[in-house]
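Subject: Structure handover

Hello,

Here is the structure I promised to pass on. Please open it first; my notes follow below.

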Amino acid sequence: MSRPRLVLFGDSITQFGFGELAGSGYGWISRLSSTYSRRADVLSRGFSGYNTRHALDILPSVLTDCGAGTGGGRVLLFTLWFGANDAALPGTRQHVPAEEYAANIKKMVGLIRSAHNDASTPVPPIVLITPPPVFQPKWEVFCKTYGREKSDRTNEASRQYGLAMQNVGKELECETLDTWTLLGGDAPGYELYLTDGLHLSEEGNKAVYEGLMALVEDKFPNLAPMTEGEGRYGEVGVPLCEKLWTELC
């Protein structure tokens, strides 16, 4: 029997969610994979540099690749984490206007839901994740290192795109994880959550993991790891797969 799956679709913050960037430590996806070990497969589908235009183009193939709606294995949860690139300043290559960004998120939610309409498994909850804050001084150093004249991101733009994402969540009845606020917003010291001013540090990865798990445990307790009955024979949560070793010998 196929294990259930969690599908994480996003940009570089998802692609690097295992913690391979310098200073990122143990990534948020690494932590999530550990939490669901022997319970569900965590499928990371992160694409560095992608905005929602790019994401919308490849989502059908991502859904096919992950087996969504095929009946081959239940998708427990789907996360959409885009916006850090859409929020690049107007005139830059990755920029997508906020109105189009919101429309693209709506289309992706629709595609994910429709992929499960005729399946034997239920439509999974979709968690929308807002862009994190941007620490412009660090990001400007990064940009200049790679030949750009100045930073192409602002913290205020990230906040605005996060608000657009939250509005979509309310409209489509999707839970939203507000990482702009979770990671300090514009409060003193928020840069500690970021490595290069945009991507997550070890503290940022830990905070995102804890924030996502808190949301799951609060809103979807049946999708959190089962803790009762030795993790397999409880009533609520995702159980351990296969028999316990104590049942075998």
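Start at Lys-106: its relative accessibility is 33%, so Lys-106 counts as partly exposed. Keep in mind that this is a predicted model.

Lys-106 has a charged partner. Its side chain meets that of Glu-171 in a salt bridge, at 3.0 Å from N to O. Lys-106 sits in helix α4 and Glu-171 in helix α6, so the pair ties together parts 65 residues apart in sequence. Glu-171 is exposed, at 51% relative accessible area.

Now the two helices. The axes of α4 (residues 98–114) and α6 (residues 155–172) come within 10 Å and cross at roughly 40 degrees. The two are therefore oblique to each other. Their crossing is right-handed.

Which residues of α4 and α6 meet? From α4 come Ala-98, Tyr-101, Ala-102, Ile-105, Lys-106, Val-109 and Arg-113. From α6 come Tyr-161, Ala-164, Met-165, Val-168, Glu-171 and Leu-172. By class, this contact has 10 nonpolar, no polar and 3 charged residues.

On to the other charged pairs. The whole structure has 8 salt bridges. One joins the side chains of Glu-156 and Arg-159, at 2.8 Å from N to O. Both lie in α6, 3 residues apart, about one turn of the helix. Glu-156 is partly exposed at 41%, and Arg-159 is partly exposed at 28%.

Another salt bridge links the side chains of Lys-219 and Asp-218, at 3.9 Å from N to O. Lys-219 is partly exposed, with 43% relative accessibility. Asp-218 is exposed, at 53%.

Best wishes

Conventions:
Residues numbered from 1 in each chain as written. Predicted model: local features only at pLDDT ≥ 70, side-chain atom pairs only at ≥ 80, totals over all residues. Heavy atoms only, no water. Axes fitted to C-alpha atoms, helices over the stretch in contact; angles between N-to-C directions. Helix = DSSP H or I, 4+ residues; strand = E, 2+ residues; numbered from the N terminus. Parallel < 35°, antiparallel > 145°, perpendicular 65-115°, else oblique. Left-handed = near helix turned anticlockwise from the far one by under 90°. Contact = heavy atoms within 4.5 Å. Nonpolar A, V, L, I, M, F, W, Y, C, P; charged D, E, K, R; others polar. Salt bridge = Lys/Arg side-chain N within 4 Å of Asp/Glu carboxyl O. Buried < 20%, exposed > 50% of the residue type's maximum accessible area, 1.4 Å probe, protein only.
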